[in-house]
Amino acid sequence: MGENQPGYREWTMSDSTRTDYLDLDTKDETFLDATELVLNMGPQHPSTHGVLRVILKLDGEKVLGTECVIGYLHRGVEKIGENRTYAMFNPYVDRMDYVASVSNGLGYCEAVEKLLNVEAPPRAQYIRVILTELCRIASHQVWLGTHALDIGALTPLFYCFRDREEILKIFEKYCGARLTTHAFRIGGCIYEAYDGFEQDCQKFCDAFLPKLDEYEELLTTNRIWVRRTKGVGILNPEDCIALGVTGPVLRAAGVKWDLRRAQPYEAYKDFDFEIPTGLNGDTYDRYLVRIEEMRQSVRIIRQAVEGLPQGPIMAKVPKVIKPPVGEIYHSIEAPKGELGYFIVSDGSTQPYRVRVRPPSFVNLQALDKMVRGLLVADVVAVIGTLDIVLGEVDR
Amino acid sequence: MFDAITKYLSSATTPGEAGSIFWATIYILIITAGISLSVIAMNWLERKILAHMQIRLGPMRVGPHGLLQPFADALKLLIKEDIIPAEADKLVFWSAPVVVTMTAFTTFLVVPFGRTHAVTDMNIGILFMLGVSSLGVLGIIMAGWSSNSHYPLMGSLRSSAQMVSYEIAMGLAIICAVLMTSLQTGTGTLSMIGIVEAQASQHTWFIFKFFPLGFLAFGVFAIAMVAETNRAPFDLPEAESELVAGFHTEYSGFRWSLFFLAEYAAMLAVSSIAVTLWLGGWMRPFPNWLSGSIWNLAFSLFPALTLFVLAGLCLLGTARMPKIPQMKIQTVGLGIFGLLLGFIGLVLIIPGVRERVQDIYWFVVKVAFFMYMYIWYRGTFPRYRFDQLMKVGWKVLLPTGLAVLIATALWGLLPQISSAIVGVLP
């Protein structure tokens, strides 16, 4: 972009502190005609889940409007993709949604495989499903812990992280990394399931279900928790679809849309699982949906471990990956919603363009709609319930 | 000199009653030091207990089991740079923590740790406590306003609204207890010592009086006191996930530690009110069932026994410490701490001492129960939202308090009413 480009404006220091994103001139109706208060929440704030900056226009405690300012964690992941080979870009995608890095890798690998027109062998697919579902549980645990912490319950966070540790140990045993795993390769998996992988997964599943009940005991019927979440941040199905919201947020509104069922990828068509949906689309329903999703993930892991086929784990993929000219959009159901990769290939070893459709980024759009008219305390509850990861929002 | 001391100590008056400025000063110094020490102990206990509730260990590095952590923190806070924001109103900013701390400590003037263990016995004791402790909200408003920043302002506004609302329910619950004191003598008392003595002469703690009325009034008080001290689940003024740190966001170093001190002192103060009003103050448990000189002796040995158990735990810990050179200082320190506790326990077994100390012991044990409850709440409950907090205060606690008050009054008048009816009947 050059200086004579329309809309171009030199970035100045005052941009980082400006508050004119909000329509401050039009006077909203306030209680007792009080002056509106503009409050900067973030980027350094304990409960904006990273470096999200929300500018709140307040009437006392009531929210009149919000404006999200993002980009504080922008690393240009998509641009990096244009300067790396297909295989080299694979670890970068782990850094977007670092809470669910396995899912990110899966989406990317599958998109490239689709471009190459290869398919991972069944054993690789099963291993992928197991790890991705473990990752979904881990991601939901981080969400539950931080969401509860935002609402003031300190203890579930530690319980969640204790149990998440077991999942990370499985990841570590499988591929050596705990957080940014780089577990999959284009065409399958590079690591064979280690000795005792199945037993570890089974052991985790057996131990995890009672612990999930433990979380629920602390929260589900807790009067304060129910009051803080029921009827807060309601998003009806029409709004969800209009805003492009996906994942548990959409399902909590009552739309039974899960890409694992709607457009089965990998081995998901082999497994028997329910898609939990909510009724009201409020924060409490989203909480219940995610809790139930963890149970369903355990179900999928059990089936996959029992039915883990023998065979190769890598499809026949050339050493130098050179997909034919063309473009592909492939999306998977990440823990936070639809994670899509749009890759344009010009026939060279490097993608011409990689575009990511991150669920957090799209879901974050709904924030303003959800919090208008609520109180300040609800804003943090709603940010928590949207389950955003700023690494993915900003990329 | 020695005679004067022993003569005073054997008399059954508070320094206030005796009009002795010297003894009053000594008592005030002891209480101030004691409160500060309890705050330090509370700090360590809260971190340890909360940690164990949350499957962590809590502080473990500074001293054996982190016993010296609060001291290290206090030292750190004292030598930190003292920052006053450029846009702050300096005088108000400077005086806010002083106001908060002063009010929190002043309430302890009338807290009776025993029949004679109070600085003074004011005939309006409970009113004095309520009045002074509600001044604390002034300091909080000052802190929030003078910081000239949005988060502290919102925190202090929330805090003032909350404290004002919950004080009413609290006052209604207190009136129930004051009404109960008037049952036998016909004249009630507001004196803290008088209230405990009324419980002694009626042979019951007021929590069990007119069951379930006393219990309900106690419940209203127990909820209101958590809200009054801005603790979880009513900790909205300092809700860290919403308002960063609430009214003391802009404070640092020593000034911040004054707020911390005041918060815990206020918790101790309201717990003391609860103990005095409902749980029989300094009186030992089961005075009616387990009476007699043998039981008296057994209960008077409790303070020493408690310290012996603590000393035993410390020495057990010393024996279990890893025998490596790096842990030598910690091991020796824990051993000395255990021996010190054991020595204090031995002192408390001396006949003259143990009778005088057991009043304080039972009072402290009852207050400690409330402090544990505070920590437990914090580990269990999510936080209320502001409007819900107000709803609980005005729509639940206030009507309940009023109903209990009226019911208590009617129940207390029952003998007169029935005799009046009998008199009217032919």
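**Sheet, chain contacts and nonpolar cores**

In chain A, strand S2 (residues 53-59) pairs with S3(A) in the antiparallel sense over 7 bridges. Two strands count as paired if DSSP finds at least two bridges between them. Strands (E, at least two residues) and helices (H or I, at least four residues) are DSSP runs, numbered from the N terminus. The model is predicted: local features need pLDDT of at least 70 and side-chain atom pairs count only at pLDDT 80 or more, whereas totals for chains, interfaces and linings use all residues. Residues are numbered from 1 along each chain as its sequence is written, and chains are lettered from A and ligands numbered from 1 in the order in which they are written.

In S3(A), A:Val69 is the bridge partner of A:Arg53. The open sheet of chain A is formed by 3 strands in the order S1-S2-S3, with antiparallel pairing. Its edge strands, each pairing on one side only, are S1 (37-41) and S3 (62-69) of chain A. From one strand to the next, the twist averages 20°. Helix H14 (residues 376-386) of chain A lies across S1, S2 and S3 of chain A and runs at about 150° to S2(A). Axes are lines fitted to C-alpha atoms, for helices over the stretch in contact, and angles run from 0 to 180 degrees between N-to-C directions.

Between the chains, 26 residues of chain A are in contact with 23 residues of chain B; contact requires C-beta atoms, placed from the backbone, to lie within 7 Å. On the side of chain B that touches chain A, at least two residues each are supplied by helix H10 (240-243), helix H15 (351-380) and helix H16 (386-424) of chain B.

A:Lys322 lies in the loop between helix H11 (283-306) and strand S6 (326-334) of chain A. A:Lys322 counts as partly exposed because it has 13 C-beta neighbours inside 10 Å. On this scale, 20 or more other C-beta atoms within 10 Å make a residue buried, 12 or fewer make it exposed, and partly exposed lies in between. Leaving aside neighbours within four places in sequence, A:Lys322 is in contact with A:Gly347, A:Ser348 and A:Thr349.

A nonpolar core is a set of buried Ala, Val, Leu, Ile, Met, Phe, Trp, Tyr and Cys residues joined through C-beta atoms within 7 Å. The largest has 215 residues, and B:Ala224 and B:Ala265 have the most contacts inside it. Helix H11 (residues 253-278) of chain B gives the largest share of this core, 16 residues. Apart from this core lies another, of 5 residues, including B:Tyr151 and B:Leu243.

Terms used: Contact = placed C-beta atoms within 7 Å.
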